[in-house]
Amino acid sequence: MISPAHGFNIRRIPGFATVAMAVFVILYAPIITLVVYSFNAADSMANLNGFSFRWYVAAWHDDAVIAAALRSLTIASFATLVSTIAATMAALATTRCAPFRGITLIYAIINQPLMVPEVVTAVALLIFFAIIKVWTGYTGLAYLFAAHAAFCIPFAYLPIRARLENMDLSLERAAADLYAPPWKAFRRVTLPLLWPGILAGAMLAFVISLDDVVITEFVKSAGQDTLPTFMLGQLRRMITPEVDAIATALLLSGILFVTIFFLLNRKRA
C-alpha cells in the first residue's frame, strides 16, 4: 500500500526495475551486437575475429550499395516533400473549420494506412499499379514515389494536426482583425507557429519511407532496389558483415538526424 503522504512512485512497485532492465536488454542488446559485428575483421558473421573497418570500406566502394542508397534518399525526399505538403493542407482543413458531419470519416480515410496491415496496402498497390503498367507500359520509379508519398501522409499528418490543435488561436484571430489576408496571416502567423510540427511530420515521413521494405518489395520493378530491399536480398544470398556495416551506418544517420532536429527545435523554442 502506497502512503498518500509519500505520493505515487513507480520505482516502488515490486519487480518494476527487473522488468525495465529486461526490456532495455531485449531492445538494445541486438543493436549493440549488430554494431560490434560491423567491425568484425573476419569474412563471416559467425566468427568475431579482430577489429577492422574493412566492411565499411567495402560498402563505400560497392556500386550496388551506393546506387540503392541514392535511390532510397531520392524516394524518401520526394515522399517527404509531397506527404508533408498534403498532410499540412489536410491538417489545416480538419482543424481550422467548424465541425461538420463526416469529419470522423475523413479522419479515418487519412489514417487508413495506419489501421490496415502494411502487407494489405502493399498487395492493393501491387494490383493497382500492375493494371496501370499493362495500360501504359511504364515501369519506372514513379510508382515507388507515389506509393511512398501516399503511405507517409498519415505519419506526417499526426504531429502536424497535434501542433495545430494545441496552438493558441488568438494570434490568428488578431491577424484577421487587423485585415490581414488569409495567405498573409498563414505565412506570418500560422506557419511560424506550426513549423515544429511540420518538421516533426517531415522527419517521421522521411524515416518511414527510408526504411520501408514491405511496400517497396511489392511495388518495385527489376533493378529498383532501395537500401532496405538490397540488404534483404543480401541476407537471402550470403550473409557478410557488410550488411552489419550498412545497418550501423543507417543507425548512426538516424541518430544524427534526430539530434539535429532536437537541437534546432530547442534553439527555436
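Predicted model: local features only at pLDDT ≥ 70, side-chain atom pairs only at ≥ 80, totals over all residues.

Modeller: Arg-236 is exposed, at 59% relative accessible area (exposed means over 50%, buried under 20%, partly exposed in between, with a 1.4 Å probe and protein chains only). Arg-236 sits in helix H11, residues 227-237 (helices are DSSP runs of H or I, at least four residues, numbered from the N terminus).

Residues are numbered from 1 along each chain as its sequence is written, and side-chain values use heavy atoms, without hydrogens or water.

Now inward. Thr-80 belongs to helix H3. Thr-80 counts as buried because its relative accessibility is 11%. Leaving out neighbours within four places in sequence, Thr-80 is in contact with Ala-202, Ala-205 and Phe-206 (heavy atoms within 4.5 Å).

H3 (residues 63-95) packs on H9 (residues 182-210) at about 140°, with axes 8 Å apart (lines fitted to C-alpha atoms over the stretch in contact, angles from 0 to 180 degrees between N-to-C directions). H3 and H9 are therefore oblique (under 35 degrees is roughly parallel, over 145 roughly antiparallel, 65 to 115 roughly perpendicular, the rest oblique). The H3 contact residues include Ser-72, Ile-75, Thr-80, Thr-84 and Leu-92, while H9 brings Phe-186, Leu-194, Ile-198 and Ala-202, among others. By class, this contact has 12 nonpolar, eight polar and no charged residues (Ala, Val, Leu, Ile, Met, Phe, Trp, Tyr, Cys and Pro are nonpolar, Asp, Glu, Lys and Arg charged, the others, Gly among them, polar).

Next, the core. The largest nonpolar core has 28 residues, and Tyr-157, Ile-160, Ile-215 and Val-219 have the most contacts inside it (a core joins buried Ala, Val, Leu, Ile, Met, Phe, Trp, Tyr and Cys through side-chain atoms within 4.5 Å). H3, H4 (103-110), H6 (118-136), H7 (142-166), H9 and H10 (214-219) each supply at least two of its residues. H7 gives the most to this core, 11 residues. Another core lies apart from this one, with nine residues, among them Val-65, Met-231, Val-243 and Ala-247.

Finally, Ile-160. Beyond neighbours within four places in sequence, Ile-160 is in contact with Thr-84, Ala-87, Thr-88, Ala-91, Leu-194, Gly-197 and Ile-198.
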